[in-house]
Amino acid sequence: MEPILKIDKIEKYYGSRSSLTKAIDNLSFTVEKGEFVAIMGASGSGKTTLLNCISTIDRVTSGHIYVGGEDITKLKGSSLNRFRREELGFIFQDFNLLDTLTAYENIALALSIQNIKTNEIEARIKKVAEELDIKSVLNKYPYQMSGGQKQRVASARAIITNPKLILADEPTGALDSKSSKMLLERFNHLNDALDATILMVTHDAFTASYAKRVIFIKDGKVFNEFERGNDSRKEFFDKIIDVVTLLGGDLNDAL
Amino acid sequence: MMLFKLSIKNIKKSFKDYAIYFFTLILGVAIFYVFNAIDSQTVLLDVTRDTRELIKLMTNMLSGVSVFVSFILGFLIIYASRFLIKRRNKEFGIYLTLGMSKRKISMILFFETFLIGLLSLVVGLGLGVLISQFMSLLVANMFEADLTEFAFTFSSSACIKTFIYFGIMYFMVMIFNTINVSKCRLIDLLHGSKKSEKVKLKNPIFCTILFIISACMLGYAYYLVTVGFEELSNASDIFIPIILGTISTFLIFWSLSGLILTLVTRIKRFYYKALNSFTLRQISSKINTTVFSMSVICLMLFITICVLSSALSIKNSMTANLKTLVPIDVQFTKTRYLNDGQVEQNVVDDSKITIHETLKLLEFDMETNLKDVVELDLYDTGLTFKDTLGNYYNEASKKYPFMTFDTKEDFIKLSDYNRLARLYGLEEYTLESNEYIAVADYKELATIRNEALKRNVPIMIENEKYYPKYAECKNGFLFINSTHSNSGFFIVPDEALVNKAISISMMSANYKANDEIEKNKIEERIAVDLENHPYVNSTTLKGITKIKLYETSVGLGAMVTFIGLYLGIIFLMSSAAILALKELSESTDNKERFRVLRKIGTDEKMLHQALFRQIGIFFLFPLLIAIIHSIFGILFCNRLLAVFGDDELLPSIIMTAFFIVSIYGGYFLLTYFCSKNIIREKI
């Protein structure tokens, strides 16, 4: 079967010829449908650049990224926006909810920019709100919600369009441990029950331990990767910590 | 020097933010120069001494208005610079954490203000000089003078004045900035921008009630100035609709900002379409936070529209009036038969002789100078305005409590009137022995008289009853004038006035001249020779000429037009600039919001559309209410200025619309492009 995401030997350079920085250096991996992958790496390892390239916010210097078989590095202008709108769901560290809109309206916006009918919007929001347990906050404004609630609203916005791929950039970065746990459990639920494909970037081993596969990146290259398999979350977490220790750097103080 | 470099870099860097500020300054300087330089253009015009006097009066008035304008501009500039400073709080915070003293930050600001000020002054003056070249065409047109030759004009006095006025304004800005910087605290500077937007929802029921109340108030104010116009006989009465209008405007903005959102969210099909929900929230939050300034801007726009359209139409109708109201070249009038002791004896003596006898004493030769001479008298029958109203008086005195009804009425013999009417080219009349005709062209009074005439009210002269021939006042006049100001006189059969006292004598005539030059020579004789004759102090004789009326009228019209234009443009500019600054002040917040929208995949086109709508509605909202106000305001002005004749308003309204579209619309587009620039992101 065609993988949902195929990263094919991508490179990303910054700077001019005289002082070249390789943010991503010949990186390749694939994500199959229904996977929940965490990408770990220290700051400066290139994980955010990678995510930006996948989300088409940034362009690769060379190589190809295929989403559902479509080469997104070739997309331009409005087809880029269409791709972002219809194929991808985003979850950001700082939620990125619009502060002037209620939770309901924030979620609805993802659909209304696709010109989906009002009735359908209502039905779909109702469903997704149940999945993410945010029914009670739908009519609240972001400033009236807790961080965890905001992130779950943002997650609802990301998955409501039934995207091929959900990209999460440090989703627990701004949450306390209790909210983090709750959110990640919801991610697991989405992954198991709805077969959502999630690609999550994090530097936090605890967060990564909720994924089914972890890819470590160092200096723009894949350093290591392994699957959770049948391990318990605790065992998986210990394995991750081992690699983190091996990697050194500031990931040591990630816990 | 280091600080100076920093200032220059700052200006270059934040030029996007400064664009509106800079644009406003340049425009302000240019307009200020143009209107102060008008007198230098009139120097070129070939006009008479009287017009020259009027131009001098106009320039004086314009410089008086300039003081007022400079206050408005000063306020605007300080307001704008405060906005810009706020946007840069973080930058100043960083300077402070780096150990820069507040004094040095003030210095940076000082340099910046100085540089921007200097630059805007130079560019603005350049633009002003350019515009004023075109202005000379308008000036020539206004004074109906031939622009003998086109010459480049530069008014050094206006230039210096502009420098001084704006110098003071910039100096004030510098002081304000310094005070601002010295008061600020580091924590606020660094975290000032991190405020989360709190959406305060107003109670929709309360808003609805308030809206209805304010709409009623506004409706009543409209009623007062239009239908209820007659009741506004006292000058202070006008404050009632003004106050009502002001309060209701504010309340309408306040209630609508809460109401619109509640209403539109109900229309789900519309609300959840594309970015409508986002745009609507943006607008309503903006109107919510700017209710006060929106109301002020709305009222300013209202004043602008009324001032511009009235000023432009006054000029038009004044000149149009002259053609019909001044059909002859000269008219002399004299009060007759003054009582002994009322004034000096020689004046009393003079009042006993006719006008042509007085002219002889003044050594003015009627034979060589005048033709088509009609000399006639007005009579005093002892009847007053009250008497001529008959049984309608009681009603009228109640309806118009501030009108004086005991003024003496003027009567004229039918044959005399017909002689004059022939000269004027007006309709001649015939009368039965018991009939009279009332003639008036001042609308408000004609309306009152018409009521009495409709009731067939008779007048009594020497125990004879006379009845109105027509059930309404005939349109006409005796004295030449630039406005419709004949409050009324009565034409009666000749025999009715046989034994009556003459109150006023008048002599109407044309100049015995073949061309303009000869006419001007005779005019000069009347204006200079007669005025300087020693006998002039012993007579009440007054001469009024067509040329003089014309010049006064043209001059007045020009004066009103220029002052109207000046104030109108400044008001328009100020309100548009405030709106633009309000919009741009939130551009950083907006940028964040649009970034989110872009991240979830919104099309650029959709984003631009949302931005365009957001700014468009923000600009249109106060204008719309101002236009509704203006419809009634213009109706009111029109009736108030009824003496100037109600000329067709359309041309002046088109002119007003042109100014609004170009200045207000210009600011709107500038704001849109600036905002678009700010939310743009490179991929």
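Modeller: Domain bounds here come from an automatic or database domain assignment. This is a predicted model, in which local features need pLDDT of at least 70 and side-chain atom pairs count only at pLDDT 80 or more, while totals for chains, interfaces and linings use all residues. Residues are numbered from 1 along each chain as its sequence is written, and chains are lettered from A in the order in which they are written.

Biologist: Which domains does the assignment give for chain A, and how far apart do their C-alpha centres lie?

Modeller: Domain 1 covers 5-87 + 164-254 and domain 2 covers 97-162. Their C-alpha centres lie 24 Å apart.

Biologist: How many residues of domain 1 of chain A are in contact with domain 2 of chain A?

Modeller: Two residues are in contact if their C-beta atoms, placed from the backbone, lie within 7 Å. By that rule, 13 residues of domain 1 of chain A contact 13 residues of domain 2 of chain A. Helices (H or I, at least four residues) and strands (E, at least two) are DSSP runs, numbered from the N terminus. On the domain 1 side, H2 (77-86) and H6 (177-193) of chain A each supply at least two residues; H6(A) has the largest share, six residues.

Biologist: How do strands E9 and E10 of chain A run?

Modeller: Strands pair if DSSP finds at least two bridges between them. Strands E9 (residues 213-218) and E10 (residues 221-227) of chain A run antiparallel, joined by six bridges. A:Ile215 has A:Glu225 in E10(A) as its bridge partner. The two strands form a hairpin with two residues between them, and A:Asp219 in the turn has a positive phi of about 50°.
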